[in-house]
Amino acid sequence: MIAATLRPLAALALVGLLGSIDGCLQTGEPSVPLQPGVPAASAEGTGTVVGITDGDTLRLEVDGVELRVRLVGIDTPEVYPDVECFGPEAEDALAALAPRGSTLSYAYDRDPRDQYDRELMYLFTTDGTFINYELVAQGYAEALVVEPNDRYYDDFVIAEREAQSQGLGQWGQC
């Protein structure tokens, strides 16, 4: 009688376990929900914004060392050497989300640096705003996957499609 009662519960637990394992196998990392106002559970450290280079690149001081940081998983219109449509607006949006002197949390994906020796990071404000995601959701950036860094790519694609459908940012201007 007890075994018959526990059997459905064991099956339910197994389904939940398999679902969790499947989520981890897809990216090698547990999925972190993208919830506004919730600090990133995967944050590896903090740094101070030293300056903005363009819409997807900034300088971050971490433990006394100034790092050149490329926001991983996204791409914004260029401002150098040629100004592309919505490039200055994307640069201004990053500066508003990450003003000079502000403290940001950061996390890496699988490959921590690009071919230009820039740090590839996901950035979060102290109130939990996921900067990479926000830039895409507001239409300042588009999703970009450069393997093996794909932890949030699916989330970025969904945000990009929504921004496009609403004509936000570059999708309504360019």
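Modeller: Start with a rule: two strands pair if DSSP finds at least two bridges between them. Keep in mind that this model is predicted.

Colleague: What makes strand S2 and strand S3 a pair?

Modeller: The bridges do. DSSP must find at least two. Strand S2 (residues 57–62) and strand S3 (residues 65–71) have six bridges, so they pair, and the sense is antiparallel.

Colleague: What joins strand S1 to S2?

Modeller: Five bridges in the antiparallel sense, with S1 covering residues 45–54. Against the rule of at least two, S1 and S2 therefore pair. Asp54 stands opposite Thr57 in S2.

Colleague: Which strands close into a barrel, and in what order?

Modeller: Five of them, in the order S1-S2-S3-S6-S5. The pairing is mixed. From one strand to the next, the twist averages 55 degrees. Helix H2 packs on the sheet and touches S1, S2 and S3; its direction makes about 155 degrees with that of S1.

Colleague: How many helices and strands are there in the protein?

Modeller: Five helices and seven strands. Along the sequence the pattern is α-β-β-β-β-α-β-β-α-β-α-α. The protein has 174 residues, and 41% of them count as buried.

Colleague: How many residues does the largest nonpolar core have, and which have the most contacts inside it?

Modeller: It has 34 residues, and those with the most contacts inside it are Leu58, Leu60, Leu123 and Leu135. At least two core residues each come from S2, S3, H2 (87–97), S5 (103–107), S6, helix H3 (131–137) and helix H4 (153–166). S6 gives the largest share, five residues. As background, nonpolar side chains tend to be buried together in soluble globular proteins.

Colleague: What does Leu58 touch?

Modeller: Leaving out residues up to four places away in sequence, its contacts include Ile52, Leu67, Val69, Leu94, Leu104 and Leu123.

Colleague: Why is Phe86 called buried?

Modeller: The cut-off for buried is under 20% relative accessible area. Phe86 has 10%, so it is buried. Phe86 lies in the loop between S4 and H2. Its phi is positive, about 75 degrees, although it is not a glycine. Most residues other than glycine have a negative phi.

Colleague: And Asp117: is it buried or exposed?

Modeller: Exposed means over 50%. Asp117 has a relative accessible area of 51%, so it counts as exposed. Asp117 sits in the loop between S5 and S6. Its phi is positive too, at about 65 degrees.

Colleague: What makes Cys85 and Cys174 a disulfide?

Modeller: The sulfur atoms must be within 2.5 Å. From Cys85 to Cys174 the S to S distance is 2.0 Å, so the pair is a disulfide. A search of the whole structure finds one disulfide. The pair links distant parts of the chain, 89 residues apart: Cys85 is in the loop between S4 and H2, and Cys174 is in the segment after helix H5 (170–173). The link is left-handed, with -85 degrees about the S-S bond.

Colleague: Which cis peptide bond involves Pro81, and where is Pro81?

Modeller: The bond joins Tyr80 and Pro81, with omega about -10 degrees. Pro81 is in the loop between strand S4 (74–75) and H2. Another cis bond runs from Glu147 to Pro148, with omega near 10 degrees. Pro148 is in the loop between strand S7 (142–143) and H4. Most peptide bonds are trans.

Key:
Residues numbered from 1 in each chain as written. Predicted model: local features only at pLDDT ≥ 70, side-chain atom pairs only at ≥ 80, totals over all residues. Heavy atoms only, no water. Helix = DSSP H or I, 4+ residues; strand = E, 2+ residues; numbered from the N terminus. Buried < 20%, exposed > 50% of the residue type's maximum accessible area, 1.4 Å probe, protein only. Core = buried A, V, L, I, M, F, W, Y, C linked by side-chain atoms within 4.5 Å. Contact = heavy atoms within 4.5 Å. Axes fitted to C-alpha atoms, helices over the stretch in contact; angles between N-to-C directions.
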